[in-house]
Amino acid sequence: LLYSKSKVYVYRSTSKKDRIAGFICIVRGPDDQYYIAWTPEALLSEQDRESYVQVELCPNFLDGGEQQGEDGNPQPSSDAAHVYAFCKPVGEIASLLIHPPSLTQWYGSVILNMADGSSLAPMWFHDDESASTLLGMTRHWGGDELLVWMSHVVSIERSLEDPNRYEIHGSKTPHIILSKPSTPTESAVLCPSASPRQSTGSSADAREGAAATTSAEASQSVKELRWGILERFSRITRTVKDAASSFIETPVGRQVAPYIPPSLGGGASSASASGNLVKEYEGARIYLAKWAAQHIIQQQHEDGERESQLASGTDDAEASGANSRKRPRDQGTSSIWEEWVAENSSLGSFEVISTNRSANLPQPIRTRPALSAEQWFSYFEPPKGTSNDEFKILVDPSIVRRAIFAGGVEEDMRPVVWKYLLGMHPWGSTEKERGAIDRRSSDEYWELKDRWLSDRELKQTSDFIDQHSRIERDVLRTDRTLPLFATDSMYGGNDETNLAENGLPGSSASLEQMKDILMTYHFYDQASLGYVQGMSDLLAPIYSVYQDEPTTFWAFASFMRRMRPHFLRDQSGMQDELSTMAQLVEIANPQLHQHLEKCDASNMFCCYRWLLIWFKREFSFENILRLWEVLWTDYLSDRFVLFVALAILQRHADIIMDHLESPEEVLKYVQDLSECIDLNDTLKGAEMCFYKVRHRVNIVESARKE
């Protein structure tokens, strides 16, 4: 194993959950042939993983170094679940297609084009997560490093037709001929004007320098790395500010303009005149904060997986989790990964108040399995010797709410249980009453829909035309990656044709039903609010459960009675939410609140999207179903969503205070947490935050009374 790079991903889809992390490496085989391989982390044992990381931090150079033996060679998996793994002779590669990181693409990629005409899946270099970057031992983009390493064993020449393509020749002469680089990421690694002899010498010097790196040189490397980041991301900062200024000019932007800090809102007019060098480098602090956040996100996922195993009844989950946290560190070389994982208490990162009274804080109950059909129907069972002919719930509703809060609801039970949570079926209703409610609701929906559908004069009004256009645009952009909402050729052809004609993808039967539901709701609620942009995001999860117009409509209407204040045109509802959020932060974490005030971010605008549509963009679609059914229980509070937001901020409080210094940095960092948050861990933390806040408020109230 000569060269290795961690956190090189293959994307199976556009969703972050479908990203497969692995190692890209260069291997010299027993036949003296050179191979390039990519192996998913999941296929490696802990020992092999450590070996790969050690080679990443201290490569075995071609002119020296000991072989690691056959165990170090990557082996592609035969399992269909790992079809992306490969191990190819370097001589079979025809060219490399390299796309470095840019202003529009956070991570760069490398594609291997084979001599037989095939191409392997793009490999995305997440350098901000790799061990060598986190430890400050490299200052170059991983794709450039791979290119230079391959130049040791093959002849590489940059294509004159496509500057992103590098053609590979069979010669093992270690040289590289490149035209002038067009991207800043290549400038320090590849020598465009060097002759083959000069390039060879440069590579040899690089190898000798890396092999003889001292602690002083490592320190200098870290400094150069920081300045390189500052230079690279100065343009990103300007782009973010320009995008924010453009957003303010849109209708939606004008609604939220009161919450946007002056440094963002006034950026368009003053950016060119400011000339403040420090402001130009603000984006670098966001990048550094993301580095620091990696171990938090990793720990969060591990905690969530461990809780899921416990909830599902895995006996050894707790033991294995404890062992992984308490692994002795005196047995040989300590693990690179252990150094980046903080010690975790039984309450995770959510520590209670250090007072004697805090010992009585309740333990979180978010560790139970999901509510099953068997458990649900047990609530209808009468005591022995009695009957329940009316088939109604016989236990206190708080017992049911607690069970759902503790573990959620199994998928096949959601259509039944959600009707109770959303108030469509009263908790004490009989089977006969529920049937009558469903029939009456269905008839009423079709009547409401027919009123606008059959009214020709109404369809000619400007309100109808505007709302119909707005609803169509919003629906056709909602959760299109889900199979349920995929384009159907029967409803307007394919996406390519539609995008070319009107800039919108095609439709489907499900999307057409959603359009009708939202249009019906607009006229149903027109006197109070009507349809407002963003409501389609709230409808999609409910529709996915029922896939029936009348039931979905009434479930959505019930949900909107709770969410209506969020969409008021005077923004009074969101002002109240953000104000309460700020108060909770001040109670739970005064240091964080003081830092946000210093950053001019205490208006909590960073949480605006979270609260507006209940984290719809932050979690996967399936996890949104789990989150919402927990929030609908109102078990601890009817505003428990605020404690969910508080729990996430608590998780990242140290990073925010250590690295972020302006409102736009806080906003950017918080928004980028999307799909990086573990739901179970967050709900457990939210529960602890609730107990902590309640405890502190009670202490204050007791002191006031005394």
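1. E512 has a relative accessible area of 25% and counts as partly exposed, while K515, at 11%, counts as buried. Here buried means under 20% relative accessible area, exposed means over 50%, and partly exposed is in between, with a 1.4 Å probe and protein chains only. E512 and K515 lie three residues apart in helix 19 (residues 509-524), which puts about one helical turn between them. Their side chains meet in a salt bridge of 2.9 Å, N to O. A salt bridge is a side-chain nitrogen of Lys or Arg within 4 Å of a carboxyl oxygen of Asp or Glu. Elsewhere, salt bridges that share partners tie R414, E622, R626 and E629 into one network.

2. The model is predicted: local features need pLDDT of at least 70, side-chain atom pairs count only at pLDDT 80 or more, and totals for chains, interfaces and linings use all residues. Residues are numbered from 1 along each chain as its sequence is written, and side-chain values use heavy atoms, with hydrogens and water left out.

3. For the protein as a whole, there are 29 helices and ten strands. These are DSSP runs numbered from the N terminus: helices are H or I with at least four residues, strands E with at least two. Of the 706 residues, 50% are buried. Among contacts (heavy atoms within 4.5 Å) between residues at least 6 apart in sequence, 68% join residues at least 24 apart.

4. The whole structure holds 24 salt bridges. One of them joins the side chains of D479 and K616 at 2.7 Å, N to O. This pair links distant parts of the chain, 137 residues apart: D479 is in the loop between helix 17 (462-475) and helix 18 (495-502), and K616 is in the loop between helix 24 (608-612) and helix 25 (621-632). D479 and K616 are both buried.

5. Another salt bridge pairs the side chains of R165 and E167, at 3.2 Å, N to O. R165 is partly exposed, with a relative accessible area of 22%. E167 is also partly exposed, at 29%.

6. Helix 22 (residues 572-588) has 17 residues, and at 1.5 Å a residue it should span 24 Å; its end C-alpha atoms are 24 Å apart, which agrees. The expected span is 1.5 Å times one less than the number of residues. Its buried residues are G573, M574, E577, L578, T580, M581, A582, L584, V585 and A588. What covers them includes helix 23 (590-598), helix 24, helix 26 (640-651) and helix 29 (679-705).

7. How do helix 22 and helix 23 pack? Their axes are 5 Å apart and the angle is about 130°. Axes are lines fitted to C-alpha atoms, for helices over the stretch in contact, and angles run from 0 to 180 degrees between N-to-C directions. Helix 22 and helix 23 are therefore oblique to each other. Angles under 35 degrees count as roughly parallel, over 145 as roughly antiparallel, 65 to 115 as roughly perpendicular and the rest as oblique. On the helix 22 side, A582, V585, E586, I587 and A588 meet P590, L592, H593 and L596 of helix 23. By class, this contact of helix 22 with helix 23 has seven nonpolar residues, one polar and one charged. Ala, Val, Leu, Ile, Met, Phe, Trp, Tyr, Cys and Pro count as nonpolar, Asp, Glu, Lys and Arg as charged, and the others, Gly among them, as polar.

8. Helix 26 and helix 29 pack at about 105°, with axes 8 Å apart, and are therefore roughly perpendicular to each other. In helix 26, the residues F640, F643, V644, L646, A647, I648, Q650 and R651 meet D681, T682, L683, G685, A686, E687, C689, F690, K692 and V693 of helix 29. The contact of helix 26 with helix 29 divides into eleven nonpolar, three polar and four charged residues.

9. The last point concerns backbone angles. Most residues other than glycine have a negative phi. F391 is not a glycine, yet has a positive phi of about 50°. F391 sits in the loop between helix 12 (373-378) and helix 13 (397-407) and, at 29% relative accessibility, is partly exposed. E675, also not a glycine, has a positive phi of about 65°. E675 belongs to the loop between helix 28 (663-671) and helix 29, and its 34% relative accessibility makes it partly exposed.
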